[in-house]
Structures are given as C-alpha cells and as structure tokens.
Amino acid sequence: MATAALAGRAAAAIGDGAHVPVLVIGTGYGGSVAALRLAQAGVDVHMVEMGMAWDTPGTDGKIFANTKTPDYRSYWLRTRTKQPISSFLGFPIDKDVPRYTGILDAEEFSGIIVYQGRGVGGGSLVNGGMAVTPKRENFGAILPSVSADEMYGTYYPRANSELGVNNVDPAWWETVDCYQYSRVGRKHAQRSGFAFTLVPNAYDMNYMKQEAAGSAPQSAVAGELLYGNNYGKKSLPKTYLAKAKATGRVQISPLHRVTSVTPAGTRYTVVIEQLTSDGTVSATKTVTADRVFFAAGSVGTSKLLTKLKATGALSNLNGEVGKGWGDNGNVMVGRANHMWDPTGAVQTSIPTAGIDNWAAGGAFAEVAPLPTGIETYASFYLSITKNPNRAQFSWNAAANRVDLNWQTAWKQPAINMAKTIFDKINSTEGTIYRTDLFGGTKTWGDHLTYHPLGGAVLNKATDNYGRLHGYAGLYVIDGALVPGNTSVNPFVTITALAERNIEKIIATDF
Ligand code: FDA
C-alpha cells in the first residue's frame, strides 16, 4: 500500500498562502474543460482534487482493482464495500476493506446512495464510458435557456472529439463472445417492438478488440470498471487533463479538499484541507484566488454552495442554490432468462447499447453487463427515466453537514417508466424479474444513482453561462448546472455545456 499511498503526494501541491489567478475545485468533466481552455487562453490554473492522483501502482502492480475483487483502492473512506449490486443468488457480496481514499464514493443521503468517482479525472475514472448525445428533440427539456443550434453545431461535436468518443465495430460486435449479453438484450427488445441502438463510448474500441483476441492486457474484457480501468479507457487524465498539463499552465493538487470560499476584496480566500490516504487531515491551507470555478460535481458543488450560503460565507448567493437536484431517473433491474438464452460467462464491462422507449414510455435503458465470470442467464439494465421528482440540499447546522431531502418513494415514477419496457419484454419472453441482486427479495435497484445532476441550475442559481449570482468571479461549470435529467447518460452533455460556457467566460470576463 505504501507506493499507492504516495501517489497523491507526488504531484506539486499548492502551498499555504499561495495566490493563484484561477482555482478550479474538482478534476471531473467540467473542471477539466475549464482548465484546458483557460490555460490555452494564457491563464494559469490550479486544480484542487480531494481524491488521489491514481498514477502509481498498488501492491499487485496495478493502479486499479478489478470490479470482481474490490480492495483498499475501491471505496472512498469506508471499512466495508457498498456495491451497487449487493447480493447474488441471494448471498450478500459486500466485504470488509481497509479505510482508504479509494476511487468510488458511495455517498449516503437519507433516501439515496449517490455513486461518484474520487480522484484526478473524477467520474471518468469509474464510469461506463457511455458517451451519448441526447436526441435533439429532447434538448429543449434538458437546458431550455441554451441554444440547441450552438450545442449541436459546435459544442457537442467539440466535446465528443476531445473525449475521444468512438463506436464499436458492428461486425465485430455481432460475433464476439463478450457482447453476447448485448445481443440477447437486442433480441428481447426487438421481439417486443422496442427501438434498440448501439451507442458511442469513450473506451478505445480497437483496444477492446485486441484484449478480446488475447493480444493486449485485458481490462474491460476482464471486468474492470467501477474501481478503474488499467487499460483502454480514455478517461480525462488521458484526454482533457493531458492536454491541459501539456500547456505548462495547469497544476493539480490531489488529496486536497476545499472546505470554504469567502470574498476578500476583489479576490477570494479558499480554505483547503490536505488529506492522507486514510482520510486524516494532515494540513489546512489558506490560499487566495482571483476567480474560483466550482467543478466538484453536482453533489460536491451543491454541498459547498449550500453550506457557504447558509453559514454566511457567501450569503449573497440566491435562493436557487441547492435546488433542482435529480437522479437522472436512474433505476436498475435484472431479468432471469431461460436456460436456452445464455448471456455469456465472459462479458465486457463496457456497455454499448440501449433500448429507447423515451418518447412513448419515458425510459432509455442501457443494456448493462453482469461480469461475474460465470453464466448467469441474467439480463441487467440501468434505465434513465423522465422521473420529474427533484430534491433540495439544506444545511443541517446541528449535525454540521449538508442534507438532501430525496425520498426512496420518489423513484416510483422511474420504476413505472422502466416497467413500460421490461413488463412487456417479460410478457413476450415468458420470463421474470431477478429478485436476488439488491438484498432481500428486492426487484428494483431504486436506492441509488450514478448520475447526480443539478443543485446550482443554469440560469437560476447562475446566469446563462454559469456565473454565480451575487459574486463576480465565482462560476459553476459541472453537472450541478444541469436540471436533474439529460434523457441519456450525462457526461457528454456536461462536457459540451462546459465548452459553451467557458468560451463565453473567457471572451468576456478575462
Ligand atoms: P465529477 O464527479 O466527474 O468530478 C467532480 C470532482 O470533484 C471529483 O473528482 C471529486 O472528487 C472532486 N471534489 C468533490 N468535492 C471536492 C472538494 N470539496 N474539494 C476538492 N475536490 C472535490 N455518465 C455517462 O455519461 N456515461 C456512463 O457510462 C456513466 N457511467 C457511470 C458509472 C458510474 C459507476 C458512475 C459513478 C457514474 C457514471 N456516469 C456516467 C456519470 C458521470 O461519470 C458523471 O455524470 C460525471 O462524472 C459528472 O461530471 P462532473 O464534472 O459534474 O463531476
């Protein structure tokens, strides 16, 4: 563990008392876009990231742990894993792990667990790479104040290109063992009359071909995903952040967590805690910045802003801060197939397909892998639904924390929308739902989300480009801007919106 523990410390960390022109909180999609474009415009940027650098191998010689064998690297400051699928065939599969600043945070609020990536690269380190541009006819409901012409003409193409988004070779997909689960998903969707689409991904599909053929070290095909991919994934450290660092104008401090931002004349004072790999605060630093970009993710940014407004540090923020939070309608479910319909013992962890019933039933279902290494006869899905429920963050002074008032029952519309697809498929196929995946005899994975969105919504908490109302020089540039739903997987939209906003901000504010 010693080498991995050093990973976060190896980078040049920000010094106590430092002054920086721009400080970016978080190194996910929004933060990485801001850092690259500002640096290219000649501005020096310091990025502060609470997670580790993830650039040094652990005890087994690999940087990241396999999804099938979680270890100390897998969870953010937990002593027991909190796996999204918590049981299999009725047996609990969570296990004890050493407390460590691991890569996946299962952050628990009263009615929902919000999964998030922790480390340099944010969610790009742990996500499925599904790089989906929403259908243009749905865009008006996603970001009503943003020009669709500009997004589809300029910013979505720019985001897809920088993220290295690519498509699976359909001829290969049709025959390779590791996508049998997807082809079974297609067969069942089509037999029930649903549209089925292959979707782009940020995983290098040529690399996956090589690993499937045995000519390159395996990552996706070996089931790596939730706790990082050792190969193949075009995560942010290989795309935006690599380019940003190459400018020579971007520094990153991993294992540093921002706790406060307050005005100091025309600048801002930022308080940062430095962490050790067991989560202990080893130093508290105070720096100043001319401008601060909140890019800590929907939950991270919303929690900071809600606390700072309520405690008076940023009391001029408006009443929209903390509002409009949604789960992108996420709900999971498994189906038990017949014995003559195997989904494959080897399943690549990278999903490439979805069932589109958005217009008629309000659900887009990703055909997800269940890479257990054995034949499960199961089909598994993560649905994104038009769930209209929105929650609000609030400051709980007594407990010294930010709460979120989401209720588990608010997932019922999402379940009903997902059922428009899966009740029909079960009826056509003569199959049933799996009840052994989420503990007890639970059918629906309604206790979690992978896609937190909102909390500092564009054109409400901020102006139409992410400038926070009440404070010149403070910006939001991450998933907190998106009002709760994107109709598809969100990171391409978060990236494209950040590209749009930073272009305007650089042109007018710098
Ligand atoms: P993001 O969460 O990426 O980055 C925020 C960063 O800020 C993090 O690195 C965090 O550690 C850091 N931070 C937070 N608070 C801080 C503080 N106080 N100080 C310093 N740093 C702080 N999406 C998709 O489009 N396709 C997909 O296939 C998937 N799959 C998927 C699977 C799983 C398991 C997860 C958890 C998520 C996905 N997603 C996804 C969602 C996607 O990853 C997510 O929408 C984006 O990462 C959000 O980007 P942001 O820039 O908003 O924040």
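Me: In which sense do strand β1 (residues 19–25) and strand β11 (residues 281–294) pair, and over how many bridges?

Reply: This is a predicted model, where local features need pLDDT of at least 70, side-chain atom pairs count only at pLDDT 80 or more, and totals for chains, interfaces and linings use all residues. Residues are numbered from 1 along each chain as its sequence is written, while side-chain values use heavy atoms, leaving out hydrogens and water. Strands (E, at least two residues) and helices (H or I, at least four) are DSSP runs numbered from the N terminus, and two strands pair if DSSP finds at least two bridges between them. Ile25 stands opposite Phe294 in β11, and β1 and β11 pair in the parallel sense, over six bridges.

Me: Which residue in the turn between β10 and β11 has a positive phi?

Reply: Strand β10 (residues 267–275) runs antiparallel to β11 over eight bridges, with Ile272 partnered by Lys285. The two strands make a hairpin with five residues between them. The turn residue with a positive phi, about 90°, is Gly279.

Me: And in β21, which residue is the bridge partner of Val292?

Reply: β11 also pairs with strand β21 (residues 474–476), in the parallel sense over three bridges. There, Val292 has as its partner Leu474.

Me: How far does helix α9 (residues 297–310) reach from its first C-alpha to its last?

Reply: The expected span of a helix is 1.5 Å times one less than its number of residues. α9 has 14 residues, for which 20 Å is expected. The reach of α9 is close to the expected value, at 20 Å.

Me: Which residues of α9 are buried?

Reply: Buried means under 20% relative accessible area (exposed is over 50%, partly exposed in between, using a 1.4 Å probe and protein chains only). By that cut-off, the buried residues of α9 are Ser298, Val299, Gly300, Thr301, Ser302, Leu304, Leu305, Thr306 and Leu308.

Me: How many aromatic pairs are there?

Reply: Rings of Phe, Tyr and Trp (its six-membered ring) pair if their centres lie within 6.5 Å; planes under 30 degrees apart count as stacked, over 60 as edge-to-face and the rest as tilted. One cluster is made up of Phe109, Trp325, Phe393, Trp406 and Trp410. The count of aromatic pairs comes to 20.

Me: How far apart in sequence are the parts tied together by Tyr72 and Tyr100?

Reply: These two rings form an edge-to-face pair, 4.9 Å centre to centre with 85° between the planes. Tyr72 lies in the loop between β2 (45–48) and β3 (87–88) and Tyr100 in the loop between β4 (91–92) and β5 (104–108), so the distance in sequence between the parts they tie together is 28 residues.

Me: Are Tyr72 and Tyr100 buried or exposed?

Reply: Tyr72 has a relative accessibility of 7%. For Tyr100 the figure is 1%, so Tyr72 and Tyr100 both count as buried.

Me: How does the second largest pocket's lining divide into nonpolar, polar and charged residues?

Reply: Its lining has 21 residues, with Ala53, Trp54, Asp55, Val120 and Pro237 nearest the centre, and helix α8 (residues 240–246) gives the most, three residues. Ala, Val, Leu, Ile, Met, Phe, Trp, Tyr, Cys and Pro count as nonpolar, Asp, Glu, Lys and Arg as charged, and the others, Gly among them, as polar. A pocket is an open set of points on a 1 Å grid over the protein atoms alone where a 1.4 Å probe fits, with protein on both sides within 12 Å along at least five of seven lines, and lining residues have an atom within 4 Å of a point. The lining divides into 12 nonpolar, five polar and four charged.
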